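Subject: The structure I promised you

Hi,

Here is the structure we talked about, with the sequence alongside. Have a look at it first, then read my notes below.

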Amino acid sequence: MLKVRTRFAPSPTGYMHIGNLRTALYTYLIARKNKGEFILRIEDTDQERFVEGAIDVIYNTLKIVGLEHDEGPDIGGEYGPYVQSERKDIYAHYAHELIKAKGAYICFCTKERLDALREQCQKAGEQFRYDGFCKGIPIEEAFKREAAGEPCVVRQIIPDTGATSFDDVVFGTISLENSTLDEGVLLKSDKMPTYNFANVVDDHLMRITHVMRGSEYLSSTPKYNLLYQAFGWPLPIYIHLPPVMKEAGKKLSKREGDASFEDFYNKGYLTEAIVNYIALLGWSSGTEREFFTLPELVEAFNTEGLNKAPAIFDVNKLRWMNGEYIRKKSLEQFHLLALPYYSEVIKNKDIDLFTLSRLLQPRVDVLSDIPEHIDFIDKLPEYDISIFVNKKMKTDLQNSKYALEKAAKALDELENWNELSIHDALFALVAELGVKNGQILWPIRIAISGRQATPGGAIELLALLGKKESLRRILGTVPSMGQIS
């Protein structure tokens, strides 16, 4: 039985989009589930789209999410090179072998002739297809003209009749009439292969058993199979994935501002949450279970759970899942994650940041939200005093001012400043005045934070800010609330 070998073969075009990362994850899971090998190959044959630094983005992303490859450009392997632009001699050799096997031919047509042919097809309302003008040139003559330096490309031979079929794990049997397939270029005039040729040669030579890619390649796969047949090579197992959409009928697109993996990572989404969510974009375990670690995904993953329908990327669902992962962290783990965000807005050295983490962890869904949750700690922000009015708490400006005056006096008398003593003092005041808890606690929360929603309630915030700062804020608020009638 052949050892399972899968490959992730991205193009270095600048960033790792969500659909690309999903393909990497699924190919990794298939390999690990079957005790096989996961290969990284860089497909850079389209040099015009090459972006400097993009290969490093690929390496870094795979490292961050924990998808360790067994072979690749950075670690080597038995079947290298693993960068397509470094394999030009290999492609040239197999292009000649394919010509000899009558699966391809050398084409010497000029750009002018091809442009004229395209214009002719356009006028006739037909899709452009090469007319096979050079197909009849004898192989020996073609090789001589090529060796003499005459500009040329290598084109695939497509049968005139019949159909080419293949089986796909997700979409079942696919069959296309050969008459609909164009005799496309396999090797360009600069001897750089097209994707159509390079991926077949590389997948065979690298012993790839499972080929996973986007469903947009379904219509091209019969052409790949004709290449396999011409070479006499066995076919891999095909797994075509439907696209990831941001809404029905609209694919995710970086050009339209859709976020990449890096964008989410830099915004403070946890890698384990991103990986978990992406795994569920088009795959189901067959259960109601939603949370999986990477090792658990390896155990649970199967291709039978892949869906034919496009997956809708819901950033709100990712946000929810990320929040659940944050709350699963230990307080110590969350605290370490939060520290860089604290440093953005908190300069007060007297603030107990660990206590702040205890208050904040239940309320944060994305780490980058932390600064806006705590922007009141160093300096009380400006706010509209109308927020003291709260029907649920039964507060208005008049009773809020009265509550703050009484609370300030009770708090000022405290010798020990901690959550327990603050709690006891304020609830004694509630009992003394015969009012609802909220009529004391709500005005205090607003006075010391300027916010209606805070990490922790009034008592926790008072303890966090300290006695001096808390009283300064409370007493500084009272004059702004006018006279009690």
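Let's start with Glu-71, which is buried, with a relative accessible area of 8%. (Buried means under 20% relative accessible area, exposed means over 50%, and partly exposed is in between, using a 1.4 Å probe and protein chains only.) Its partner is Arg-5: the two side chains meet in a salt bridge, at 2.7 Å from N to O. A salt bridge here is a side-chain nitrogen of Lys or Arg within 4 Å of a carboxyl oxygen of Asp or Glu. This pair links distant parts of the chain, as Arg-5 sits in strand 1 (residues 5–8) and Glu-71 in the loop between helix 2 (54–65) and helix 3 (88–100), 66 residues apart. Arg-5 counts as buried too, at 5% relative accessibility.

Before going on, a word on how to read all this. Keep in mind that this is a predicted model, where local features need pLDDT of at least 70 and side-chain atom pairs count only at pLDDT 80 or more, while totals for chains, interfaces and linings use all residues. Residues are numbered from 1 along each chain as its sequence is written, and side-chain values use heavy atoms, with hydrogens and water left out. When I say helix or strand, I mean a DSSP run (H or I with at least four residues for helices, E with at least two for strands), numbered from the N terminus.

A search of the whole structure finds 28 salt bridges. Take a look at Arg-41, whose side chain meets that of Asp-202 in a salt bridge of 3.7 Å, N to O. Asp-202 lies in helix 6 (residues 195–205) and Arg-41 in the loop between strand 2 (37–40) and helix 2, so this pair ties together parts that are 161 residues apart in sequence. Both Asp-202 and Arg-41 are buried. Arg-41 also forms a salt bridge with Asp-203, at 2.9 Å from N to O. That pair spans 162 residues, again from the loop between strand 2 and helix 2 to helix 6. Through shared partners, salt bridges join Arg-7, Arg-41, Glu-43, Arg-87, Asp-202 and Asp-203 into one network.

In soluble globular proteins, nonpolar side chains tend to be buried together.

Leu-67 touches, among others, Leu-21, Ala-24, Leu-25 and Tyr-28, once its neighbours within four places in sequence are left aside.

Of its 16 residues, 14 are buried, so helix 1 is largely enclosed by the rest of the structure.

A β-α-β unit

Now find strand 8 (residues 210–214), where 5 of 5 residues are buried. It pairs with strand 9 (residues 237–241) in the parallel sense over 5 bridges; two strands pair if DSSP finds at least two bridges between them. His-210 stands opposite Ile-237. Together with helix 7 (residues 221–231), these strands make a right-handed β-α-β unit. Right-handed means that, with the strands pointing away from you, the path from the first strand over the helix to the second runs clockwise. Helix 7 is mostly covered, with 9 of its 11 residues buried.

A cis peptide bond joins Gly-80 and Pro-81, with omega about -5°. Lys-394 is not a glycine, yet its phi is positive, near 60°, and at 52% relative accessibility Lys-394 counts as exposed.

Terms used:
Contact means heavy atoms within 4.5 Å.
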